[in-house]
Amino acid sequence: MARPKPDEDEVRARLLAAADDLLRQHGADKLTVSDIAARCGMSQSNAYRFFASKKDLLEALGMRWFDDIQAALRAVAAGGGTPEDRLRDFLLTQFTLKLERWRADPDLFCAYLRLADAHPAIAQAHIAENHALLRRLVGDWCGSKGMSPRAATRVATQILDATLLIRDPFALARYGDDMTPRRARELVDLVLAGIQTR
């Protein structure tokens, strides 16, 4: 009788979970496919059946780390409330989720940042989607105020620039405990109030 074929998604998930554990223990620099495979009780060559290269595996690991953040931000962007409320919630949710991860395990947080730094596709996909969601929210907000699409583009850029400190995980890692939810709320309120009075 033929052996049952392993569920590809389940094996990939096991490999990524093992990679996450090893990343936590040893950091991004010492992460190897052979160690990840061994943790799952398989050979390195077998692991390559599920990820074509170490780069693919590490990029999938980084993307997985951002998945729940992206899902939460998509939900905020699609949610109810006024355009201003959704924009405020979007910026603060992005900050809060990253702050929670920083506080839960600063070493792992920094390990993922080093991983994303070494594999730019991880961060680029996350940033591109977040900027697109923010631009859509700003477009809705500016549209509700009768502003032109051209003005909305300019406002989106200004908001991205002004809120970098609370959106950029590298800034969060650098400033750590100085970054509080209160500071984030005050910054977002100041930015949005400033744009409304222009």
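Accessible areas in this account come from the Shrake-Rupley method with a 1.4 Å probe, and for residues only the protein chains shown count as cover. On that basis the accessible surface of the protein comes to about 10700 Å², and carbon and sulfur atoms hold 52% of that surface. The structure is a predicted model, in which local features need pLDDT of at least 70 and side-chain atom pairs count only at pLDDT 80 or more, while totals for chains, interfaces and linings use all residues. Residues are numbered from 1 along each chain as its sequence is written, and side-chain values use heavy atoms, with hydrogens and water left out.

The protein has 11 helices and zero strands; helices (H or I, at least four residues) and strands (E, at least two) are DSSP runs, numbered from the N terminus. Along the sequence the pattern therefore reads α-α-α-α-α-α-α-α-α-α-α. The C-alpha atoms fill a box of roughly 70 × 40 × 25 Å, taken along the principal axes. Among contacts with a separation of 6 or more, 69% join residues 24 or more positions apart, where contact means heavy atoms within 4.5 Å.

Of the 198 residues, 42% count as buried. Buried here means under 20% relative accessible area, exposed means over 50%, and partly exposed lies in between (1.4 Å probe, protein chains only). In soluble globular proteins, nonpolar side chains tend to be buried together. A nonpolar core is defined as a set of buried Ala, Val, Leu, Ile, Met, Phe, Trp, Tyr and Cys residues joined through side-chain atoms within 4.5 Å. The largest such core has 63 residues, and Leu15, Leu23, Leu87, Leu134 and Ile159 have the most contacts inside it. Helix α4 (residues 54-78) gives the most to this core, with 10 residues. Leaving aside neighbours within four places in sequence, Leu23 is in contact with Ala28, Leu31, Leu61, Leu108, Ala111, Tyr112 and Leu115.

Val155 is found in helix α8 (residues 149-162). Val155 counts as buried because its relative accessibility is 4%. Residues up to four places away in sequence aside, Val155 touches Val138, Trp141, Cys142, Met147 and Ile195. The C-alpha atoms of Val155 and Leu192 are separated by 9.8 Å, although these residues stand 37 residues apart along the chain. Cys142, one of the residues touched by Val155, is buried as well, at 1% relative accessibility. Cys40 is also buried, with a relative accessible area of 12%. The structure holds zero disulfides, a disulfide being a pair of cysteine sulfur atoms within 2.5 Å.

Glu59 lies in helix α4 and counts as buried because its relative accessible area is 13%. Beyond residues up to four places away in sequence, Glu59 touches His119, Ala121 and Ile122. Arg12, in helix α1 (residues 8-26), is partly exposed, with a relative accessible area of 26%. Leaving aside neighbours within four places in sequence, Arg12 is in contact with Phe50 and Phe51. The C-alpha atoms of Arg12 and Arg49, 37 residues apart along the chain, are separated by 9.7 Å.

For the charges as a whole, Lys and Arg count as positive and Asp and Glu as negative, while His and the chain ends are not counted. The place of a charge is taken as NZ of Lys, CZ of Arg, CG of Asp or CD of Glu. The mean positions of the 29 positive and 27 negative charges are 3 Å apart.
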